Structures are given as structure tokens and as C-alpha cells.
Amino acid sequence: MELTTTLNLLHKAHACAPRYKVLLTALGTNYPPDRPINLLTILNLNGLDDALWALCATAENCDKVARLMAADFAGQVLPIWQQYSDDKRPASAIKAARDFANGLITAAARDAAGAAAGAAARDAAGAAARAAAGAAAGGAARDKQKEIFIAYLQPEVI
């Protein structure tokens, strides 16, 4: 799915000035303020954090893609959770988030699964956080998140 924004939409969403300036400099100071900017371009010019933030200022509705990406990001750390707990609530919450994004369950069902997962996460968060704290693990997680972002925003091949 192609998602785009514009300089005007980013400004209207209160993009932080220093990162906005980095993007504007990379695009060229004469870049038209209403010309579409693909979020993959922002990823390449400004990095993952700015590209993820730009999801809040897209010209297209990106709710489904954003929800599915978030579920995939959470799914990345599920194996760490499972090393410390047999509790299935986080996996159920991730599934509920995906099901909601795909229109298979209601918001109330998604919220109930999320609340249960939140309680479970508080129970074992310390152990899981210690396990995931290594810099190498963090770098690998960011690389995987970038891969997920790119996969969702690749042009559809017919």
C-alpha cells in the first residue's frame, strides 16, 4: 500500500521543527508544500522514527496498516515474553489487534484482550525488559521493524 503525506500535512500535524527541517533540506527548499511524499521516501531520508511518526499525517487512511504494523512489532518480542511466562494473554491481544484491523472482531473485543495483556505484561515486564536490553538485540529489533515497515508500504504487485 502506498501511503503519502505532504509538507503541509506534516506541518499541520505539528512535526517537530528539527526533523521537518532535515526532510525539507533533503527534498529541496523549493519542494511544493502540497506535493505527495511517499512514506518510504521519509524512511530513506529521515529514518524509521520519522517515517513511523508520519503515519499520523497521511493523505490516505492508514489505520489498518498502522494497526497491523503495531501487531507485528509486538509480535517481535513475544518469544522473549514466552521465555519467562506461559501466560497466553499477550499473544491473544496481538491476535485481537490483527483481527480488529482486518474487521473480524469489534473494538470492545479488542479492548478486552488488550486490557488482559496489559495486566500480564506488568507481571513479567521486568524480566522481559532485562532480557531484551542488549544493544545488539535492540539494533536487530529496529532492523526488523524497518523491514516490516517497508513490507507494508511496498507498491502492490498485480
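E147 and K144 sit three residues apart in helix α8 (residues 135–153), so about one helical turn separates them. Their side chains meet in a salt bridge, with 3.0 Å from N to O; the term stands for a side-chain nitrogen of Lys or Arg within 4 Å of a carboxyl oxygen of Asp or Glu. Side chains of opposite charge can pair when their charged atoms come close. Both partners are partly exposed, E147 at 46% relative accessibility and K144 at 35%. Here buried means under 20% relative accessible area, exposed means over 50%, and partly exposed is in between, using a 1.4 Å probe and protein chains only. The helices themselves are DSSP runs of H or I with at least four residues, numbered from the N terminus.

A word on what you are looking at: this is a predicted model, in which local features need pLDDT of at least 70 and side-chain atom pairs count only at pLDDT 80 or more, while totals for chains, interfaces and linings use all residues. Residues are numbered from 1 along each chain as its sequence is written, and side-chain values use heavy atoms, leaving out hydrogens and water.

How many salt bridges does the structure hold? There are six, and two others are worth a visit. One of them joins the side chains of D50 and R19, at 2.7 Å from N to O. D50 belongs to helix α4 (residues 48–53) and R19 to helix α2 (residues 17–27), so this pair ties together parts that are 31 residues apart in sequence. D50 is buried, with a relative accessible area of 15%, whereas R19 is partly exposed at 31%.

Another salt bridge pairs D72 with R98, whose closest N and O atoms are 2.7 Å apart. This pair also links distant parts of the chain, with D72 in helix α5 and R98 in helix α6 (residues 89–101), 26 residues apart. D72 is buried at 19% relative accessible area, and R98 is partly exposed at 30%.

Now follow α5 itself. This helix covers residues 63–84, which is 22 residues, and reaches 32 Å from its first C-alpha to its last, close to the 32 Å expected at 1.5 Å a residue; the expected span is 1.5 Å times one less than the number of residues. Where does α5 bend? The bend comes at V77 and is about 35 degrees, with a proline, P79, following within four residues. Such a bend is the angle between axes fitted to the seven residues ending at a position and the seven starting there.

R19, V22, L23, A26 and L27 in α2 meet T41, I42, L45 and N46 in α3, where contact means heavy atoms within 4.5 Å.

Finally, stop at H14, in the loop between α1 (7–12) and α2. Most residues other than glycine have a negative phi. H14 is not a glycine, yet its phi is positive, at about 65 degrees. H14 is exposed, at 68% relative accessibility.

Conventions. Helices (H or I, at least four residues) and strands (E, at least two) are DSSP runs, numbered from the N terminus.
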